[in-house]
Amino acid sequence: MSEASASHAADRRELTAAQRNAVAELLRVSPVADELGRRFAQAGHELHLVGGSVRDALLGRLGNDLDFCTDAHPDETIKVIRGWAESIWETGREFGTIACQRDGLNLEITTFRAEVYDQVSRNPVVQYGTSLTEDLKRRDFTVNAMAVSLPDHRFTDPYGGLADLAEKVIRTPGTPQESFRDDPLRMLRAARFAAQLRFAVHPDVRAAMTEMAGDLDRITAERIRDEFTKLLCGADPITGLRLLVDSGLAERFLPELTGLKLTIDEHAQHKDVYEHTLTVVSNAMSMESDGCDFVLRMAALMHDVGKPATKAVGADGRVSFHHHEVVGARLTKNRMKALRYSKEITSQVVKLVGLHLRFYGYGRGEWTDSAVRRYVTDAGDLLSRLHKLTRSDCTTRNRRKAAQLAADYDALEERIARIAAEEDLARVRPDLDGNAIMELLGVPPGPVVGRAWQYLKELRLERGPLDRDEAEAELLRWARDEGITS
């Protein structure tokens, strides 16, 4: 058999496997989907399972969120599902979408679209279409431009999505330029699908992404944030991240990532920061226990973004990046704020970036129990993630050095566990509370109590738990030194 024949035979086997997956997945949801299709048919309308739902069914990974399209307008859709759906949501009505729930499935039903874009904000101006083919043509990629009609299960694939699915390639129904001109966010979606599905992006699509990267500037930060989050949480985010950098898309919304490609010359050798960062992200992923930990992955991605601004070459030719964790934390905060991430998520990532170097130096034997307490207290609820990030950051090829770092961190974790067993490290508090401070010093609530409380906390971190008499004696000594008492 020739190489070409063998390839075609393999493709046919993959297509057959994909179709078997689709049958099994559709059988699972067909009681609801077919019943819904019959209701639309009885009302004189079409209904088709479409887009990502068909793609995921073919991949054997269909979830409980199903997407449908129909020639019925939103008011007509509501008439069809009222009394049948357990819940109905109309929040997407202006885009032609009505959502509902039935038997644990979330269903989104959208009127055929023939969208045009205003070419300024790139926001869609919804125009209802009249046919399934017209609706499929406006979709982003061929693998998302397939449909299964209901209830008769007729398969529609006008743009070769099934073949592209078998070849694991991202391609657009029309020209990439036309697709990205309609909605530039699709360029970022291409990278996201590459990360999620482990698909290759067609060369024509890659070329258009590079050519039109600047158009991404017209997309809102929130839409970019949501696509980027899905990319970073994909099964293969490294492929997606490389595509963002190589195409120039990263420069539009995450220039710190591109900035990690520092020039390395023969006189000032240092680790390739960009490649190191991608390795740290991969290492962090391997330590996840229950799906994607976005905070950990984002901290791994951003942990060294302060290096370009802090790079210095010494007289001996050695490169240093002093305080890059401080600069990196600030850059991370600014970037995540610009991308409209929540304050809570931003704060967590920023703290991890700021703390990721704290461990280094532990192996030299310089850490006291006080330093360990402060490490745990400063990390707080992020201690487990900090452990993972710190371990992930060890990418040296020197086996002896790597083994030593791992042993040092093992020793630190064991020491934390020992001290935690002796003290309540999870909730380090002063040995006297506010009421005891006011009673002992004879002061009312106010700044003095806060200062006293902070002093006792610092003492607790430095010396560990004190008994009541020791704590009271220390507080009285502090109050005398501060001129609060005589």
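Me: Which two helices have axes that come within 6 Å?
Reply: Helix α18 (residues 369–379) and helix α22 (residues 447–463) do, and their axes cross at roughly 120°. Axes here are lines fitted to C-alpha atoms, for helices over the stretch in contact, with angles from 0 to 180 degrees between N-to-C directions. This is a predicted model, where local features need pLDDT of at least 70 and side-chain atom pairs count only at pLDDT 80 or more, while totals for chains, interfaces and linings use all residues. Residues are numbered from 1 along each chain as its sequence is written, and side-chain values use heavy atoms, leaving out hydrogens and water.

Me: OK, what do you call the way α18 and α22 sit to each other?
Reply: They're oblique to each other. Under 35 degrees counts as roughly parallel, over 145 as roughly antiparallel, 65 to 115 as roughly perpendicular, and the rest as oblique.

Me: Which residues of α18 make the contact?
Reply: Ser-370, Arg-373, Arg-374 and Thr-377 of α18 do, against a set in α22 including Lys-457, Glu-458 and Leu-461. Contact means heavy atoms within 4.5 Å.

Me: Switching topic: what order do the strands of the open sheet come in?
Reply: Seven strands run β3-β4-β5-β2-β1-β8-β9, with mixed pairing. Two strands pair if DSSP finds at least two bridges between them. Helices (H or I, at least four residues) and strands (E, at least two) are DSSP runs numbered from the N terminus.

Me: And which strands are at the edges?
Reply: β3 (87–89) and β9 (155–156), each pairing on one side only. β3 pairs with strand β4 (residues 97–102) in the antiparallel sense over three bridges, and Ile-88 stands opposite Cys-100 in β4.

Me: What does His-48 stand opposite in β8?
Reply: Ser-149. In β2, the bridge partner of His-48 is Cys-69.

Me: How many residues of helix α14 are buried?
Reply: Nine of the nine (residues 294–302), so α14 is largely enclosed by the rest of the structure.

Me: Last one: which residues touch the most other members of the largest nonpolar core?
Reply: Phe-68, Ile-81, Phe-228, Leu-241 and Leu-244, out of 108 residues. Such a core is a set of buried Ala, Val, Leu, Ile, Met, Phe, Trp, Tyr and Cys residues joined through side-chain atoms within 4.5 Å.

Key: Buried means under 20% relative accessible area, exposed over 50%, partly exposed in between (1.4 Å probe, protein chains only).
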